[in-house]
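Please open the model in your viewer and keep the selection tool at hand, and we will go from one stop to the next.

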Amino acid sequence: MPLAAAGVALVGAAFAAKAYGKFSGGKRGNVAVPEPAKAVDLDRYLGQWYEYARYENGFERGCEGVTAEYTLRDDGLIGVRNTCHEGCAGGEARVSEGRARVVPGSGNAKLEVSFFGPFFFGDYWVLDHCDDYAWSIVGEPSGRFLWILTRDARPSPELADFLVRRVAALGYDTSLLRTTEH
């Protein structure tokens, strides 16, 4: 029986390592991720966002036309619906649905998001956002993941330049940013 238990543990470890490889980020673009700059009004944050740019990661590889939609669920959690289009903005849609919970004491700026059931939650930090919620910069503590989100699919060149400068001011390596096609 101990041999069977060891086999199950080994298979579980192999699955976890494979999952980590797929869902881990790339190079660390910020070795000192700052705390979120300000509180988030969840009612104003809800709705549809367009991904302007991101750090490349395994679960979005080859994705264009990426959107995220946040809704308030009946159980008090936040519904998360991420959509990406394979290869180009008009490509086949791939949808991932999950849920998020607010980290207590974070001013609603730190969430834990899960797409994989009740036991695996990833950090989602709203590092900064515009007062009118026209844009948002999202990261997490490792500095390997970063997203720049906007309410418009194609932000103005002035806004796009501002957002890249703001990301740099937060300590991120902007050479790792990948602009998303819409």
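Begin by colouring the protein by pLDDT, the predictor's confidence in each residue, from 0 to 100; the average is 88, and 87% of the residues score at least 70. Now select residues 1-23, where the pLDDT is below 50 and where the model has five contacts beyond near neighbours in sequence (contact means heavy atoms within 4.5 Å). Where pLDDT is low, the predicted coordinates should not be read in detail.

This is a predicted model, in which local features need pLDDT of at least 70 and side-chain atom pairs count only at pLDDT 80 or more, while totals for chains, interfaces and linings use all residues. Residues are numbered from 1 along each chain as its sequence is written, and side-chain values use heavy atoms, with hydrogens and water left out.

Next, select Cys63 and Cys84, which are joined by a disulfide with an S to S distance of 2.2 Å (a pair of cysteine sulfur atoms within 2.5 Å). Cys63 belongs to strand S2 (residues 63-72) and Cys84 to strand S3 (residues 78-86), so the pair ties together parts that are 21 residues apart in sequence (strands are DSSP runs of E, at least two residues, numbered from the N terminus). Both cysteines are buried, that is, under 20% relative accessible area with a 1.4 Å probe, protein chains only.

Finally, select Phe145 and Trp147, an aromatic pair that is stacked, with 5.8 Å centre to centre and 15° between the planes (ring centres within 6.5 Å, using the six-membered ring of Trp, and planes under 30 degrees apart). Phe145 is buried at 11% relative accessibility, and Trp147 is buried at 14%.

Methods
Rings of Phe, Tyr and Trp (its six-membered ring) pair if their centres lie within 6.5 Å; planes under 30 degrees apart count as stacked, over 60 as edge-to-face and the rest as tilted. Buried means under 20% relative accessible area, exposed over 50%, partly exposed in between (1.4 Å probe, protein chains only). Helices (H or I, at least four residues) and strands (E, at least two) are DSSP runs, numbered from the N terminus.
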